[in-house]
Amino acid sequence: MIALRARLDELTTAPVLADPDDGGRLVTAAAGVRDAAEGILIAAVRQARDDGASWQTIGDALGVTRQAAFQRYGKPVDPRTGEPMSTHALPEATSLAGDVIDELAAGEWAKVVARFDDVMTQRLPEDALGSAWAYIAANAGAYERRGETVSVRAGDLTVTNTPLAFEAGDYTARITFRDDHTIAGLYILEAAAS
């Protein structure tokens with residue numbers, strides 16, 4: 001609390017005491033307040049949970065659903081092992097998804113299939129992958145570009161969603177990665193369905 005108070009004091013005095021040549025000082029002070037407040041909020045949620053508060057109660061207090069509160073502040077436990085689960089998406093997921101999409105667009109089916117885990121390798125052979133991409137091109141024209149990838153953690157996996165623009169239609173590439181960077185799922189969905 002003391003750190004937050006000091007940062008709040010710095011933030012409120014910054015406009016008065018600011019050096020006109022240091023435009024970033026106010027922003028830096030505000031970011032410090034945000035970070036300190038987030039730390040206090042995390043501690044408050046942990047204390048509320050320790051005191052028996054439900055995720056519904058915490059979600060209501062934060063103005064979000066109980067699932068959103070749990071996803072942000074909870075500590076999921078793997079029911080198979082009893083060990084804490086990671087809640088962070090694979091850091092390289094955005095880059096990996098971009099590489100896979102670029103390989104698809106270049107018709108490099110073998111490179112994509114080489115990234116598959118064992119199950120994907122059995123279920124989606126190289127020729128079937130090429131046929132699926134050709135089907136999309138037949139319905140939506142040539143591939144034009146990809147948008148910004150969004151990644152989320154789902155248990156042991158990281159799921160990426162990347163908008164794809166074709167000449168006559170929009171799609172989403174949903175690619176699921178294991179922590180070893182292999183592909184556990186690959187879907188090209190019509191944008192409305194994603």
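Helices in these legends are DSSP runs of H or I with at least four residues, strands are runs of E with at least two, and both are numbered from the N terminus. The model shown in every view is predicted.

**View 1. Helix α5 and the glycine that follows.** Helix α5 covers residues 93-105, 13 residues in total. From first C-alpha to last, α5 reaches 18 Å, close to the 18 Å expected at 1.5 Å a residue. Look along α5 for its buried residues: A93, L96, A97, G98, V100, I101, E103 and L104. Just after the helix comes G107, with a positive phi of about 75 degrees.

**View 2. The largest nonpolar core.** This core holds 24 residues, and F116, L129, I175, F177 and L186 touch the most other members. Two or more residues come from each of α5, α6 (109-114), α8 (126-140), β3 (157-166), β4 and β5. Helix α5 gives the largest share, six residues. Another core, of six residues, lies apart from this one and includes V45, A53, I58 and Y73.

**View 3. The surroundings of I175.** Here we zoom in on I175, one of the core residues that touch the most other members. Setting aside neighbours within four places in sequence, I175 is in contact with A97, V100 and I101, with T158, V159 and T160, and with I183, G185 and L186.

**View 4. The β4-β5 hairpin.** Strands β4 (residues 169-178) and β5 (residues 183-190) run antiparallel and are joined by seven bridges. You can find F177 opposite I183 of β5. Four residues lie between the two strands of this hairpin, and in the turn H181 has a positive phi of about 80 degrees.

View 5. R153 sits in strand β2 (residues 150-154). Is R153 buried or exposed? R153 counts as buried because its relative accessible area is 19%, and the cut-off for buried is under 20%. The R153 side chain reaches the backbone oxygen of G155 at 2.9 Å, and a polar contact of 2.8 Å links it to the side chain of D179. Beyond four places in sequence, R153 is in contact with S86, T87, H88, A89, L90, T158 and D179.

View 6. M85 belongs to the loop between α4 (66-73) and α5. Although M85 and D156 are 71 residues apart along the chain, 7.7 Å separates their C-alpha atoms. Not counting residues up to four places away in sequence, M85 touches P76, V77 and D78, as well as G155 and D156.

Conventions
Residues numbered from 1 in each chain as written. Predicted model: local features only at pLDDT ≥ 70, side-chain atom pairs only at ≥ 80, totals over all residues. Heavy atoms only, no water. Pairing = 2+ DSSP bridges. Expected span 1.5 Å × (residues − 1). Buried < 20%, exposed > 50% of the residue type's maximum accessible area, 1.4 Å probe, protein only. Core = buried A, V, L, I, M, F, W, Y, C linked by side-chain atoms within 4.5 Å. Contact = heavy atoms within 4.5 Å. Polar contact = N/O pair within 3.5 Å; in protein donor to acceptor, adjacent residues only side chain to side chain.
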